[in-house]
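Please look through the structure below with its charged side chains in mind. My notes follow it.

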Amino acid sequence: MISSLVWVRQGAAQETPDRFKMTDDEFAKVAGKIGAQLDDARDGLTEANGGGAADDDGEEDAEAMAVDGPETAPAPKSADDDELAEYNMDNYDDDSDPEEAAAAAAGEGAAIPLFSKVQGLTYHGSNEEDPYVSVLDQEDEDEELREMVVMPHDNLLLAAKTEDDISHLEVYLYEGDDEDNLYVHHDIMLPSFPLCLEWLDFRVGAKADQDGTGNYVAIGTFDPQVEIWDLDLVDAVYPECILGGTGPNAAAEPAMEAGAGGKKKKKKFGPGRVAKAANPDRHVDAVMAIAWNPAARHLVATGSADTTVKLWDLRSPEKAVRSFTQHTDKVQAVSWNPAEPTVLLTGGYDKRCCVFDTRAPAAVREWKLTADVECIKWDPFHPGRFFVSTEDGLVQCFDASVSGSPALFTLHAHDAAVSALDVSSKIEGLLVTGSTDKKVKVWNIKDGRPSCIISRDLDLVSGSPIPCRTSPNRSFFNCADLLHVAGSPQGKIFAATFSPDAPFAIAAAGSKGKVLVWNLEDNAGVRRTFPVPQHNGDHQQQRPARPPRKEITAVESDGEGEDDDEEVGQGADEGMDVDGEDVEEEEGSDDDHV
């Protein structure tokens, strides 16, 4: 599954990425920590198999009695033992040559177990010393890096992916400008299940002293720390920076929680999980939300399952600068105001949204909601209002200047949790939502009167989108009358976001672990609602004729897909098909929300 998706704007990535090279000291540290982990795992396996110490004194006494008891005389050899002795069965699996072993014992040379039967084998320290190797390692590396060039008009797309209990960050390269090509550029292994991603350009770690901007991603996981990785570095072993690390060199020492101080404790999740006491300096539970401040580029805000919001200074990442406790349950989302860089918007599982100035957090404006918060977004064209999506399928718009004010509009967007929400920064009034009901919908929210332009199951790579019927005379808009199509390759939608450069490109991903880019540029309904005329002086001109672009762009399939275990047998429960009676019932319910 893919739990989070983030675009990287054009021109932010280094044209030719660097390749990580591990020094001998770094390799020794990693090897030592891995060895400690293996020792702990071996000890744990021994204890699990009953090979550890006795649990009570009675068993210890019994073992002592057995050890101290009278010695028994060895059994006499039988005739069968003498017959088997000539076959030397005790050393049956020993492949070593007796002559080589004797020579090694006498110091005449060391035996080579792996190639003991190969004659005349020559060893070289590297391929450069081998006269039969014509293509050197450096040439191979240079050629590979040339194939990984990121052009100025390319976008990177970051996906937090987990499959078969293995978590990693996939860095996709999206070639737009009529090419419409998507492929995995490189990936980064992660130590824990990723929950959220945030791109930033403030230099940290090894490149902190360099001028200009960088290309980094902050990753929140089930661990309480936030890792910041350099996206311009291929084959990196550890992050450049860790927010909440135990010391100034926390990032330079891979966080392997075992050995050298005790065995790793298993983490518990679910109903039996015990909440941890909050710490003002760092998070003590999973990090669920990250927001980088583009105006104050060294500041990052994070929200956690420990119910706190932390403010971090990337120049001193060991401790949080401030800790805010406005929420009483898990903090699901955080977002900085685009016009006032010190104002922060937060939403949590306590069914509340809060807006406050980080310089004076006591003055909090809050709004109570009907369900847990899923996503929050500021309106980039009207910074005084924000949008919030909730677990009950609603999207609401609020005026941030008045605490507790009623919603400017309420949109019944989906029949399940609205797990993805984004507002276009290029086109005013364009909004996209995604849900666990497996739908992605595009909305027109101009003048506070939302209408659904397209509802799409992304399995429909051909054909026409399904229009959405809404009532413009009501303040509560319902789209339960859409025709639903089952079998989306995305499964439940967990992320849907607009491209920062292409105004009509939307990236979406979900429980099936696939990333798709949906291009709406040639969609007739979108063009009618949001025309993009081209002007020459005072006269409007038609766009030049060109072939239509691909509507859906995805990575070419290798024939293997992930199974969505939760989908089996749940189509009826999740309301995938809507019949006429359900439609009439939903339409009738609109009269109660005037």
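1. The model is predicted: local features need pLDDT of at least 70, side-chain atom pairs count only at pLDDT 80 or more, and totals for chains, interfaces and linings use all residues. Residues are numbered from 1 along each chain as its sequence is written, and side-chain values use heavy atoms, with hydrogens and water left out.

2. How many salt bridges does a search of the whole structure find? The search finds 15, where a salt bridge is a side-chain nitrogen of Lys or Arg within 4 Å of a carboxyl oxygen of Asp or Glu.

3. One of them joins the side chains of K161 and E170, with 3.7 Å from N to O. E170 counts as buried because its relative accessibility is 9%, and K161 counts as buried at 9%. (Buried means under 20% relative accessible area, exposed over 50%, partly exposed in between, with a 1.4 Å probe and protein chains only.)

4. R352 forms a salt bridge with D350 at 2.8 Å, N to O. Both D350 and R352 are buried.

5. R352 also meets E366 in a salt bridge, at 3.1 Å from N to O. R352 lies in strand 17 (residues 352-357) and E366 in strand 18 (residues 360-368), so this pair ties together parts that are 14 residues apart in sequence. Helices (H or I, at least four residues) and strands (E, at least two) are DSSP runs, numbered from the N terminus.

6. Is R352 buried or exposed? At 13% relative accessibility, R352 counts as buried, whereas E366, at 29%, counts as partly exposed.
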